[in-house]
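The sequence and structure are shown first.

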Amino acid sequence: MERTQLLGRELSYLFSFDMPLVTEASTRDPGGPLYATRVHSLAPHAQAEAKVYNALGEQRTLGEPAIRGHVQLADQRVDYPTGHEYALLQGRIVICTDAGDLLEASYTGSLSAEDRWQLLMARGNAAHPRMPERFETKAFIATRFDTASTRCRWLVKCMCLGYGRVSFGMPGQPAHASFDMYTMAS
Amino acid sequence: MSESDIGDITSDYFFSIKAGVSIQAQGKSIVGPAGARLYFAFNSGTSRVWTKPRADTPGRVSGWEGFEGTVLSGGDFALLRLDGVFQLDGRLTLKSREGVLTDAKYTGMIDLVDSARIARAFTEHEHDRKGLTKAIHTLEAAAFEEYMRGKPLSARLELPIVLSVAFEAANTPWTNAPGEDLSWPAKRYVAHEKDFWRYRLLMRRPFVAAGKISFEQNLPMGVSGMELDFLGLSPKAAS
Amino acid sequence: MRSTLFDRDLLYLFSYDVDLEMRREEVGFVPGGVRVNIFAKPNETRLYNVARERSMLGAKSIQGTILGGGDFALIRSDDIGVLDVQLLMETDDGALIYSTYRGVFSAGPRGFRRLISEKPHLGSEAHPFEGLVYIAPRYETADPRYAWIMQYQCAGFGRVTVVDSLVRAGTFDIYAMDG
């Protein structure tokens, strides 16, 4: 029999991270003229700015030491389907905690886009007169972390969601990403 | 197919598959931004996995005795791209006659655009790059449209295909504790343990599958079957 | 570094209760765990709205059937199951929606052993084991009435029922991430 009540759901905060980005490539997807793709990665020598931290200042999360460190590696692909007001994300990230543990994840997600996205992609790298100098988009990712660290082993059981912002500078290329990561719970 | 050398790579024949295929979801497809996604499943009842006689395939890898069995299940959420390329991304589960199960994931491409027509476009627009670009785009888009309308593929009912394949074959239980008693797993997970060694090579090198895919005439997106030879790739041994 | 969190929200989309076929493909021990392929009973799972709402997010609510699909799961030796699922759904008004997702299932302490051992089993007919499952689906469709779903990264909260170490059924609530 179909349920009449929702299952319990909860999001528990884990950590936040910031990443300055550079654009590696801007290309048309070979699938046809209706896709445009850009590939971005962590800006070189930017580990000092690519912090992983607890925005609430907590020392422990879910009974474990709060995760703090920096983003070691990151790259992501953003696909912009023409005629659709959103973009799709696929990315990989490696985090190094202050204790030296490596956490790695592959994620999927989406960017909440508006009409100006299409203007940006249709014109490639050229700036569009209606494009504001800098603006933020909402970003949503889902991922799991894997690690060989026994200290962070508890994280492996978590399905994580990330709520974030990607800010774009001129000429419409992502310059910075920032996310709050949560684990799903019931 | 015999052992052959491709530059510094050796390809060794392992086994062949012939399987019927049927379109799922009544042939409906999803046409999204990148193309049309259609779904087909392998028919286990009309499938066969076998190893061709040594006389036909002299190059055999030491430790490989062949594969005889069936396709247990499999399917593909294939994408027919707007430029007339079929992008395959599927899975297969094979069952050997001993009962050992092996998973395969594959990717591949099939170009539906008639290469002769592309060659003619190059000739006609030899000094007109802009015209050539437009002509190629038109041919590619037409290939997509014609296939979606169920038009026969220029009377070709079979097309060559090459896939990149990765296998996952079971082995004895792995444990980090040397000397650990391994009698605890349920029998169904280790029932064929004595035969796992036959297929371990599938996990130890990259594979390609070469063969043909067949289509039903006048049936929109009517894929009807595949025949493939599976070849394991390895670096050429230093002389 | 920020000291406040971004807004976050989960917008309910639909639910489904899936019965699984008794046919399973137990591939066996691979590095890292045990590979098992599990399949939904085709055309038997309904997509429905728990609150029986006819619309949501300014669009028609999703109601339909799962045509088929499977989970190519890895039961890991560290007691978690990693899901790798492909599903094909059809709404009651004929739209096809394709879904693919990864997820995680926690089998609890020594869950791997209990799932894979001959005895003791995980769950029984009298006392089934109910495990928590979390998934992160994305959806793809060409139907303009449901195109809105493609812009979302979704999240699913679920339960699976395990009897005698076999997953028998699952129930899920699917949400769109928003903020």
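A polar contact is a pair of N or O atoms within 3.5 Å; within protein, one must be able to donate a hydrogen and the other to accept it, and residues adjacent in sequence count only if both atoms are side-chain atoms. By this rule, 11 residue pairs (both at pLDDT 80 or more) are in polar contact across the interface of chain C and chain B. The model is predicted: local features need pLDDT of at least 70, side-chain atom pairs count only at pLDDT 80 or more, and totals for chains, interfaces and linings use all residues. Residues are numbered from 1 along each chain as its sequence is written, chains are lettered from A in the order in which they are written, and side-chain values use heavy atoms, without hydrogens and water.

Chain C contributes 35 residues and chain B 32 residues to the contact (heavy atoms within 4.5 Å). Together they bury about 3000 Å², 58% of it on carbon and sulfur atoms; this is the accessible area (1.4 Å probe) lost on being put together, summed over both. Glu26(C), Val27(C) and Phe29(C) supply 22% of the area that chain C buries against chain B.

Four salt bridges are counted between chain C and chain B, each a side-chain nitrogen of Lys or Arg within 4 Å of a carboxyl oxygen of Asp or Glu. Lys105(B) and Asp84(C) form a salt bridge (4.0 Å, N to O).

| Quantity, chain C with chain B | Value |
|---|---|
| Residues from chain C | 35 residues |
| Residues from chain B | 32 residues |
| Buried area | about 3000 Å² |
| Salt bridges | four salt bridges |

How values were computed. Buried area = accessible area lost by both parts, 1.4 Å probe.
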